[in-house]
Amino acid sequence: MNRAAVMGIAVLLAGAWPTPSAAAEASTDLTTARQIVKRFAGELKGELKKAVGEEGFEHAIGVCKDAAPRIAATLSAETGWRVGRTALRLRNPANAPDSVESAVLNEFLERAAAGEPLAKMETALEQIGAEARKDFRYMKAIPTGELCLTCHGSDIDPKLAARIRAAYPKDQATGFKLGELRGAFTLAKPLD
């Protein structure tokens with residue numbers, strides 16, 4: 001689905017909401033989504049740094065494989081939001097983007113190419129889904145950082161690369177450069 005199709009099914013927060021009360025609710029949802037992402041990113045980064053510090057980068061593979069989904073599931077259960085990560089170049093096939101997420105990720109690439117900083121890039125929208133149910137969706141870009149390059153860059157230690165291939169036989173998430181779009185945090189919640 002291209003950007004125009006996403007716009008056809010979504011009202012961007014930057015655009016007009018139908019009523020002031022809907023705009024106020026969206027603002028609350030946006031604030032909540034940002035808080036959830038901040039917590040997810042902080043917990044994941046903390047676990048990665050601890051694993052690397054105690055046992056090296058080979059142990060970090062397990063953190064990304066096991067801890068990230070666990071953190072997302074915990075946040076989902078606690079908040080009532082669907083919380084996860086996605087990317088265009090996947091390491092874990094379970095994180096495959098849906099059509100809206102793919103369109104937003106491609107939009108992030110376009111915005112980055114136009115000079116917008118990835119670290120501040122986000123999109124929030126209202127999506128009309130199946131049976132006219134509305135969902136609030138939020139995505140926050142994940143730029144490739146220094147820590148990420150060890151496992152997602154171009155120059156991966158051969159022993160580490162072998163462990164990654166063993167854990168993720170269909171891995172597509174290497175060859176990134178510092179600052180490139182690695183993926184996005186993705187959140188959704190039904191609007192009542």
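A cavity is a set of points, on a 1 Å grid over the protein atoms alone, where a 1.4 Å probe fits but cannot get out; lining residues have an atom within 4 Å of a point. This is a predicted model, in which local features need pLDDT of at least 70, side-chain atom pairs count only at pLDDT 80 or more, and totals for chains, interfaces and linings use all residues. Residues are numbered from 1 along each chain as its sequence is written, and side-chain values use heavy atoms, with hydrogens and water left out.

**Exercise 1. The cavity**

Task: Find which residues line the largest cavity, and sort them by class.

Solution: 
- Step 1. Search the whole structure. The search gives 1 cavity of 30 Å³ or more.
- Step 2. Take its volume, the space filled by probe spheres set on grid points joined across faces, edges and corners. The largest cavity holds about 40 Å³.
- Step 3. List the lining. The residues are Val100, Val104, Thr123, Leu125, Arg137, Tyr138 and Met139.
- Step 4. Helices (H or I, at least four residues) and strands (E, at least two) are DSSP runs, numbered from the N terminus. H4, strand S3 (122–128) and S4 each give at least two lining residues. S4 has the largest share, with 3 residues.
- Step 5. Sort them. Ala, Val, Leu, Ile, Met, Phe, Trp, Tyr, Cys and Pro count as nonpolar, Asp, Glu, Lys and Arg as charged, and the others, Gly among them, as polar. The lining has 5 nonpolar, 1 polar and 1 charged residues.

**Exercise 2. Salt bridges**

Task: Describe the salt bridges of Glu101 with Arg137 and of Glu43 with Arg39.

Solution: 
- Step 1. Recall the idea. Side chains of opposite charge can pair when their charged atoms come close.
- Step 2. Set the cut-off. A salt bridge needs a side-chain nitrogen of Lys or Arg within 4 Å of a carboxyl oxygen of Asp or Glu. The structure holds 14 of them.
- Step 3. Take Glu101 and Arg137. Their closest N and O atoms are 3.5 Å apart. This pair links distant parts of the chain: Glu101 is in helix H4 (residues 99–113) and Arg137 in strand S4, 36 residues apart.
- Step 4. Check burial. Buried means under 20% relative accessible area, exposed over 50%, and partly exposed in between (1.4 Å probe, protein chains only). Glu101 and Arg137 are both buried.
- Step 5. Take Glu43 and Arg39. Their closest N and O atoms are 2.7 Å apart. Both sit in helix H2 (residues 20–55), 4 residues apart, about one turn of the helix. Glu43 has a relative accessible area of 30%, so this residue is partly exposed. Arg39, at 36%, is partly exposed too.
- Step 6. Look for shared partners. Such salt bridges join Arg82, Asp98, Glu101 and Arg137 into one network.

Technical notes. 1 Å grid on protein atoms, 1.4 Å probe; cavity = no way out; pocket = protein on both sides within 12 Å on 5 of 7 lines; lining within 4 Å.
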